[in-house]
Amino acid sequence: MTPQEPTADEYYVDSPVVREFIAAVQAARAAEPDPARLVEQLRPAFSRLLQADGWLPDEFARPYEASGMGGGIGQYLLYRSADRSLSLFSLVVPAGSTTPVHDHLAWGLVGLYRGEQLERVYAPIATDYDAGQANLELIEERTVRAGEFYTLLPPTDDIHSVTTTSSEASISIHLLGNDTGCVVRHRFDPETASVTPFRSGYSNVPCEDQARS
């Protein structure tokens with residue numbers, strides 16, 4: 001039997017704040033197909049989400065030792081569309097931990113809800129993913145504080161890592177134009193110029209093939 005495709009959007013944090021934000025995102029997507037213009041239009045709504053208090057439950061704001069990204073990093077799905085073309089999730093990075101250098105393969109907005117992070121942005125110089133090779137250049141380092149956010153627009157600014165620099169775990173909110181935790185992305189090692197496929201998964205929800213196995 002062929003598994004049935006999801007037919008409804010999934011809200012793992014079902015609050016008026018999240019519902020209002022997703023409605024604004026979906027309305028903007030319907031009217032603006034260009035990702036660069038879309039993320040600019042979404043800036044006010046995303047800023048309001050980051051500034052709102054009390055909507056993120058504690059269980060979506062804690063580290064996760066079985067993390068697919070390592071370092072106790074928790075990645076919690078908050079919402080995803082039925083067609084898997086949109087996801088909203090929280091990323092919890094413990095104090096002193098650093099994510100792998102990774103890409104996202106979709107447009108997006110990423111902002112700090114709590115804590116502080118150092119983001120390192122890389123540009124690909126030469127890549128051969130089939131051969132597992134990727135030369136990267138570090139092009140920017142920046143501190144991101146609570147309430148601040150930035151855009152992802154592949155391929156020019158889609159590869160980065162983040163380190164929590166606050167004394168407590170940092171919590172970032174990600175809006176991405178794919179099902180980020182369940183797509184196969186890339187993990188990079190700038191020192192060895194190597195790249196490997198990886199799937200980060202979600203800390204609270206299995207990917208569909210995992211759920212069926």
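Reader: Which residues does phenylalanine 21 touch, not counting residues up to four places away in sequence?
Author: In this predicted model, phenylalanine 21 touches Ala45, Phe46, Leu49, Leu88 and Leu175, once residues up to four places away in sequence are set aside.

Reader: Which residues touch the most other members of the largest nonpolar core?
Author: The largest nonpolar core has 31 residues, and those that touch the most other members are Phe21, Phe46, Trp55, Leu56, Leu88, Ile173 and Leu175. Two or more residues of this core come from each of α1, α2, β2, β3, β5 and β10, and α2 gives the most, with seven residues. Another core, of 19 residues, lies apart from it and includes Leu152, Cys182, Tyr202 and Cys207.

Reader: Why is threonine 163 called buried?
Author: Threonine 163 has a relative accessible area of 12%, and buried means under 20%, so the value of 12% places threonine 163 among buried residues. This residue belongs to strand β9, which covers residues 159-164.

Reader: What makes the pair of threonine 163 and arginine 120 a polar contact?
Author: Their side chains come to 3.2 Å, and because a polar contact requires N or O atoms within 3.5 Å, the pair of threonine 163 and arginine 120 meets that distance limit. Beyond its neighbours within four places in sequence, threonine 163 is in contact with Gly96, Ser97, Thr98, Glu116, Gln117, Leu118 and Arg120.

Reader: Why is arginine 19 called partly exposed?
Author: Arginine 19, which sits in helix α1 (residues 16-31), has a relative accessible area of 40%; since buried means under 20% and exposed over 50%, the value of 40% falls in between, and arginine 19 is therefore partly exposed. A polar contact of 2.7 Å links the side chain of arginine 19 to that of aspartate 14, and, leaving aside neighbours within four places in sequence, arginine 19 is in contact with Tyr11 and Asp14.

Reader: What makes β1 and β8 edge strands?
Author: The open sheet of six strands runs in the order β1-β2-β3-β10-β5-β8, with antiparallel pairing, and β1 (10-11) and β8 (149-152) each pair on one side only, as edge strands.

Reader: How do you know that β1 and strand β2 pair?
Author: Two strands pair if there are at least two bridges between them, and β1 and strand β2 (residues 74-80) have two bridges in the antiparallel sense, so they count as paired. Glutamate 10 has arginine 80 as its bridge partner in β2.

Reader: Which strands does helix α2 lie across?
Author: Helix α2 (residues 35-51) lies across β3 (87-93), β5 (108-114), β8 and β10 (170-176), and runs at about 20° to β5.

Definitions and conventions: Residues are numbered from 1 along each chain as its sequence is written. This is a predicted model: local features need pLDDT of at least 70, side-chain atom pairs count only at pLDDT 80 or more; totals for chains, interfaces and linings use all residues. Side-chain values use heavy atoms; hydrogens and water are left out. Helices (H or I, at least four residues) and strands (E, at least two) are DSSP runs, numbered from the N terminus. Buried means under 20% relative accessible area, exposed over 50%, partly exposed in between (1.4 Å probe, protein chains only). A polar contact is a pair of N or O atoms within 3.5 Å; within protein, one must be able to donate a hydrogen and the other to accept it, and residues adjacent in sequence count only if both atoms are side-chain atoms. Contact means heavy atoms within 4.5 Å. Axes are lines fitted to C-alpha atoms, for helices over the stretch in contact, and angles run from 0 to 180 degrees between N-to-C directions. A nonpolar core is a set of buried Ala, Val, Leu, Ile, Met, Phe, Trp, Tyr and Cys residues joined through side-chain atoms within 4.5 Å.
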